[in-house]
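Here is my note on the packing of nonpolar and aromatic side chains. Please read it with the model open.

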Amino acid sequence: MDPSRISLRPLKLSDIDDFLKWASDDRVTRYLWTMSTIKSRKEALSYIEKDVMPHPWHRTICLDDRSIGYISVKPEPGDDKCRAKISYAVGADYWGQGIVARTLKMAISLVFKDFPDLVRLEALVESENGASQRVLEKVGFLKEGLMRKYGFSKGEIKDVFLYSFLSTDKIL
């Protein structure tokens, strides 16, 4: 995969058809806590307008400027603004190609500049999601530990691993 074909940018309403291709796939949304599988164009439009566009830092992962996934970073409010949650997903057709690792590296560089008070990124990964754990470790995130029965997702209470990346860490 030619890295110059991959980019990050804000999602636009005109991306709706590309967005729907990956957001309607249960395999892609399986481990996403903040996004359910999108089933219709109307639902996709509502999600983009109400959840994506007002988000403080939500970027679509693009291949040749077509949306194939997303990365979002949400800083905590108030005195906890030094910490933010990062999440991501990419269409199943693009799994295993290094696209998420590459775009995570791009995102990390950008968010620490965009949010000057930010010193810590956190990723919560379900214990069964080995692929996402490997991606985070490949980029340089540190696995801090298992949080048992941490949260409710898709009808179950899940165990999650907590990963972190500090502003002083080196991207691998």
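The points below cover the cores, the ring pairs and the charges over rings.

1. Basis. This is a predicted model: local features need pLDDT of at least 70, side-chain atom pairs count only at pLDDT 80 or more, and totals for chains, interfaces and linings use all residues. Residues are numbered from 1 along each chain as its sequence is written, and side-chain values use heavy atoms, with hydrogens and water left out.

2. Main core. A nonpolar core is a set of buried Ala, Val, Leu, Ile, Met, Phe, Trp, Tyr and Cys residues joined through side-chain atoms within 4.5 Å. Buried means under 20% relative accessible area, with a 1.4 Å probe and protein chains only. The largest such core has 30 residues; Ile71, Ile86, Leu104, Leu121, Leu136 and Phe141 touch the most other members. Helix α4 gives the most, 8 residues. Helices (H or I, at least four residues) and strands (E, at least two) are DSSP runs, numbered from the N terminus.

3. Second core. A separate core of 17 residues includes Phe19, Ala23, Ile48 and Val52.

4. Ring pairs. There are 6 aromatic pairs (ring centres of Phe, Tyr or the six-membered ring of Trp within 6.5 Å; planes under 30 degrees apart are stacked, over 60 edge-to-face, the rest tilted). Phe19 and Tyr47 are stacked, at 6.0 Å and 15°. Phe19 lies in α1 and Tyr47 in α3, so the pair ties together parts 28 residues apart in sequence. Phe112 and Phe165 are tilted, at 6.4 Å and 35°.

5. Charge over ring. Lys143 lies over the face of Phe161, 4.0 Å from the ring centre (NZ of Lys or CZ of Arg within 6 Å of the centre and within 35 degrees of the ring normal).

Terms used:
Buried means under 20% relative accessible area, exposed over 50%, partly exposed in between (1.4 Å probe, protein chains only).
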